[in-house]
Number of protein chains: 2
Amino acid sequence: MSGTQGLRERKKAETRLAVHRAALGLAVEKGYDGVTVEEIADTANISRRTFFNYFSDKADAMMYGEEERHRRLVATLRDRPAEESGWVALRAATLELFGSFDSPDREWIARTRLARRHPLLLARQLANLIHLEQQLATLVAERDGDTGVRPRVMVSSLLAALRAATNVWLDDEAGSLAEAIEEGLDVLAGPY
Amino acid sequence: MSGTQGLRERKKAETRLAVHRAALGLAVEKGYDGVTVEEIADTANISRRTFFNYFSDKADAMMYGEEERHRRLVATLRDRPAEESGWVALRAATLELFGSFDSPDREWIARTRLARRHPLLLARQLANLIHLEQQLATLVAERDGDTGVRPRVMVSSLLAALRAATNVWLDDEAGSLAEAIEEGLDVLAGPY
DNA sequence: TGCAAGTTTGCATCCCGTGCAGTTATTCCG
DNA sequence: CGGAATAACTGCACGGGATGCAAACTTGCA
């Protein structure tokens, strides 16, 4: 029966998710500074101390889930056909994941909206993005056999476009996110 | 004689700089977490409490100077000839400032190197960059009469390229920074 | 059942950041 | 010059964040 692990592992995963949801929910409701670790812990029925066994800090608990998204993008890029160039594969992987016409992950939206209102969370999110950037750049560099600055610029500007498109879309949740992202990426394609 | 203000103002500026230098120096020496606000304050001959009259927190004290750089870039862009398109003006302003062949600001290098080793500082630096991005995007949008996603993507990818080039250059301080940046920007020009 | 390993918890501790109020320094002006 | 007004510095107290430690307590397994 056990999904992937013993009861111990499953319980941990459950608790982690519960803590995350508590953190995110409270923060949405009362703002980042308006919520204490103690509240989060209470809401999730664990002790203050145990909170820190699961997450390294408050921001970490709230932003849980980003890593998973990032892992998926990296995996998707890696799985693109080997004959595709770095740019083609990168663009395709991005649209494949973020450009889905399905309604995007509500929790991701909640996290991102929250981050836009709280500099500390925004900073954290951006730092995570840098990490993603490095992983992607490595893959692109391998694909194109280019160890120079080009893969890095390519990846970081793609992520920049992704960010810009997402922000525009979040300003007025009009139209589909997929369209906004495609439009953002197209700006990169043509010369300015 | 007074440069711009009375003795009061000058003294404040001096102290602020002293605190910044103390913070940066100690952090370079002992790492971000290895230095406490108290140490910084002591080194700069002020009280712990007064430290917080000058800077909102430790990271702020260490990253002091970034804002000034950013203000300069914004001003430079604003001063470009009105007939230049957003992209041309942006590129020109960037090269004008960061592409100088003079040896780049040693303190900026120290800050940036430090930020690369300390996630918390990196996060802060990136958050500042977002602020710059918004200002630049507004100016570009005005120039091009475009209220859509295009100016944002343009600006954020330019900054991304700038960042990538800087990072490559910092890895092995070989060649001039100006060349690295020009190369980075050129990647954006051509299609991938 | 009982032991080994893993998890939770409380406690103590240090540091960060801020409100407050008293003291000290600077500026302004009669 | 000298005193009032203003601004800056400081100590204190406090709440909250984050971590090491050791004592419970669970769980898994022989």
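Of the 192 residues in chain A, 45% are buried, the term denoting under 20% relative accessible area with a 1.4 Å probe and protein chains only. The model is predicted; local features require pLDDT of at least 70 and side-chain atom pairs pLDDT 80 or more, whereas totals for chains, interfaces and linings use all residues. Residues are numbered from 1 along each chain as its sequence is written, chains are lettered from A and ligands numbered from 1 in the order written, and side-chain values use heavy atoms, with hydrogens and water left out.

Chain A comprises ten helices and zero strands, helices being DSSP runs of H or I with at least four residues and strands runs of E with at least two, numbered from the N terminus. The C-alpha atoms occupy a box of roughly 55 × 40 × 30 Å along the principal axes. Among contacts (heavy atoms within 4.5 Å) between residues at least 6 apart in sequence, 66% connect residues at least 24 apart.

Helix α7 of chain A spans residues 106-117, and its twelve residues extend 17 Å from first to last C-alpha, close to the 16 Å expected at 1.5 Å a residue; the expected span is 1.5 Å times one less than the number of residues. Within α7(A), the buried residues are Trp108(A), Ile109(A), Arg111(A), Thr112(A), Leu114(A) and Ala115(A). Their cover includes α1 (7-30), α4 (58-62), α5 (66-79), α8 (119-144), α9 (150-171) and α10 (177-189) of chain A. At the start of α7(A), a side-chain oxygen of Asp105(A) lies within 2.9 Å of the backbone nitrogen of Glu107(A).

Definitions and conventions
Buried < 20%, exposed > 50% of the residue type's maximum accessible area, 1.4 Å probe, protein only. Polar contact = N/O pair within 3.5 Å; in protein donor to acceptor, adjacent residues only side chain to side chain.
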